[in-house]
Amino acid sequence: IGDTYILDARKKLGSGAFGEIFGGKNIKINKDVAIKLELNHTEHPQLFYECKIYMVLQGGVGIPKLYWCGGQGNYNILIIERLGHSLEDLFNECERKFSLQTTLMLEEQMISRIEFFHSRNFIHRDIKPDNFLMGKGKTKNQVYIIDYGLSKRYYDPRTGLHIPYKDGKSLTGTARYASINTHLGIQQSRRDDIESLGYIMVYFMNGKLPWQGIKAKNTEEKYKKIKKKKISISLEELCEGLPEDFITFIQYARDLEFEEKPDYVYLGNLIKKMSEENQLIFDYNELYWLAKKEEIDEEKKESDGEKETDKINEKENDKNSEKGNDKINEKENDKINKKENDKNNEIENENNNEIENENNNEKENSRNNEIENKNNKNKETNKNKEEEYEKNKEKVNDNNNNKNNENDKVQNKI
């Protein structure tokens, strides 16, 4: 990418409805980076919009550094700081259950990330463990928030206006962690991000949420069943066996008004209160251990692979040394050629498997695009209302400007 960055297609870090993320490197300073790609002929591109949000958030604690954004070839490209593993990956590594201490330490940082996000006049709208990553190196104990493609400005500082209350909206985000109001089709605001954090706490402690694994014929039916389960289950049942303040946290989020600012200090104090009541000490080396454990596992796999390769090479060298300088006869040449042909056939089979996997990925992406198109149609129906809202806002501003001009004329006459 240009003469500065190189993408490693073997290091795929993740994918979603809006693109794929790969590992890469700044070859000038030998620094690892994360590279997000999006086809530039996508019907509803998101990457440049996400880049603008990154620019607004730069400098915040737990916000990845933005290195470059632009287009090249058939792709829109976003290059950001390379981070560690997601909380979802670490959760799976820990057999899908965190201790109360780990859960509260993570929650404390996630509240701070959401508070900063909101302070820049944006809501995230897709709060889930996959979108929180641990740092690397000096920031190994720090939680980062990523993936701003679905984020939305909820407050316009120029006009001082909050986005208007609306209903009939399609579900935006991940159904598992979405608020009840989001399921009901109500325009999202700050309160919905907070409610999602509450569900993540329960998820980390119990290993799953009651509405997971629901079977349905299609996505629409599944969303309806999840909504029904969230509404019908009591918070006492949802948080059974957990500290009472888990209930307090989620109930507080549900009681917030549409435009109301969450009390982030109060939520943070709830976390501290639970830690004190359970005599827990926040040792952030525990979080480092989580990230380090998976890194060690990966390094072990790579090391085992290298050892196996060394053994094979040693065997080959032993065979060659036994043969010495004797001439290789025709039979031996035939054996070598046969091995080469077998290797070529293996490589060809591997390539065929990769092509088949790519085809499967394309099918999966097409399904995701169908879902995205449905959501986009719903967004179009609300677009006219939003434009009308903006026009009325401009009329008010124009009227104010005209009045000011008239006042200026009168003042000049005087």
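Glu-221 is partly exposed, at 25% relative accessibility (buried means under 20% relative accessible area, exposed over 50%, partly exposed in between, with a 1.4 Å probe and protein chains only). This is a predicted model, in which local features need pLDDT of at least 70, side-chain atom pairs count only at pLDDT 80 or more, and totals for chains, interfaces and linings use all residues. Residues are numbered from 1 along each chain as its sequence is written, and side-chain values use heavy atoms, without hydrogens and water.

Glu-221 pairs with Lys-225 in a salt bridge, 3.2 Å from N to O (a side-chain nitrogen of Lys or Arg within 4 Å of a carboxyl oxygen of Asp or Glu). The two lie 4 residues apart in helix α6 (residues 219–232), so about one helical turn separates them. Helices (H or I, at least four residues) and strands (E, at least two) are DSSP runs, numbered from the N terminus. Lys-225 is partly exposed too, at 34%.

The structure holds 14 salt bridges. Shared partners join Lys-36, Glu-50 and Asp-147 into one network. Arg-10 meets Asp-8 at 3.1 Å, N to O. Arg-10 is exposed at 77%, whereas Asp-8 is buried at 17%.

Glu-50 also belongs to helix α1 (residues 47–57), where the buried residues are Leu-47, Glu-50, Cys-51, Ile-53, Tyr-54 and Leu-57. Gly-59 follows α1, with a positive phi near 100°.
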